[in-house]
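Good morning, and thank you for the time.

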Amino acid sequence: MKVHVAYDTNGRILTAVARAGAGPTVSAEAKQGVEVGDFDVPAEFEGKRLREFLHLLRIDTKAKRLVKDTKP
């Protein structure tokens with residue numbers, strides 16, 4: 001599954017929407033201090049709804065990928 005994510009310079013996810021194969025989509029536009037990108041969801045969360053796991057993730061801003069958040 002791919003998600004479209006708006007995130008801050010620390011990798012904190014501000015908003016995200018699933019990228020469905022067909023049908024309507026939503027896109028976020030970058031503003032100052034915010035970046036936007038499409039990312040693959042880690043395999044362990046495949047098939048689950050975003051609301052079930054999104055709070056457990058962040059963007060690794062150096063590698064430009066979605067990762068499990070290890071910070072408390």
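**A phenylalanine and its surroundings**

I begin with Phe53, which lies in helix 1; helices (H or I, at least four residues) and strands (E, at least two) are DSSP runs, numbered from the N terminus. The model is a predicted one, in which local features need pLDDT of at least 70 and side-chain atom pairs count only at pLDDT 80 or more, while totals for chains, interfaces and linings use all residues. Residues are numbered from 1 along each chain as its sequence is written, and side-chain values use heavy atoms, with hydrogens and water left out.

Is Phe53 buried or exposed? Phe53 has a relative accessible area of 1%, so this residue is buried. Buried means under 20% relative accessible area, exposed over 50%, and partly exposed in between, with a 1.4 Å probe and protein chains only. Leaving out residues up to four places away in sequence, Phe53 touches Met1, Val41, Phe45 and Lys48; contact means heavy atoms within 4.5 Å. Take Val41: this residue and Phe53 are 12 residues apart in sequence, and their C-alpha atoms are 9.9 Å apart in space.

Let us now turn to the whole protein. There are one helix and five strands, and along the sequence they follow the pattern β-β-β-α-β-β. Of the 72 residues, 31% are buried. Among contacts with a separation of 6 or more, 54% join residues 24 or more positions apart.

Next, the strands. Strand 1 is mostly covered, with six of its seven residues buried. Which way do strand 1 and strand 2 run? They run antiparallel, joined by six bridges; two strands pair if DSSP finds at least two bridges between them. Within this pairing, Val5 stands opposite Ala16 in strand 2. The hairpin of these strands has four residues between them, and Gly11 there takes a positive phi near 90°. Strand 1 also runs antiparallel to strand 3, residues 34-40, with seven bridges between the two. There, His4 stands opposite Asp38 in strand 3.

Which residues have the most contacts inside the largest nonpolar core? They are Val5, Ile13, Ile59 and Leu66, in a core of 13 residues. A nonpolar core is a set of buried Ala, Val, Leu, Ile, Met, Phe, Trp, Tyr and Cys residues joined through side-chain atoms within 4.5 Å. The elements giving two or more residues to this core are strand 1 (2-8), strand 2 (13-19), helix 1 (50-53) and strand 4 (57-60). Strand 1 provides the largest share, three residues. As for Ile13, apart from neighbours within four places in sequence, its contacts are Val5, Ala6, Tyr7, Leu54, Leu57, Arg58, Ile59 and Leu66.

I come now to the charged pairs. Side chains of opposite charge can pair when their charged atoms come close. A salt bridge is a side-chain nitrogen of Lys or Arg within 4 Å of a carboxyl oxygen of Asp or Glu, and the count by this rule is five. One of them joins Asp40 to Lys2, with the closest N and O atoms 3.1 Å apart. Asp40 lies in strand 3 and Lys2 in strand 1, so this pair ties together parts that are 38 residues apart in sequence. Lys2 is partly exposed, at 38% relative accessibility.

Another salt bridge joins Lys68 and Glu44, whose closest N and O atoms are 3.4 Å apart. Because Lys68 lies in strand 5 and Glu44 in the loop between strand 3 and helix 1, the pair ties together parts that are 24 residues apart in sequence. Both residues are partly exposed: Lys68 has a relative accessible area of 44% and Glu44 one of 48%.

My last point concerns backbone geometry. Most residues other than glycine have a negative phi. Lys64, although not a glycine, has a positive phi of about 55°. Where does Lys64 lie? Lys64 lies in the loop between strand 4 and strand 5 (65-68), and is partly exposed, with a relative accessible area of 40%.
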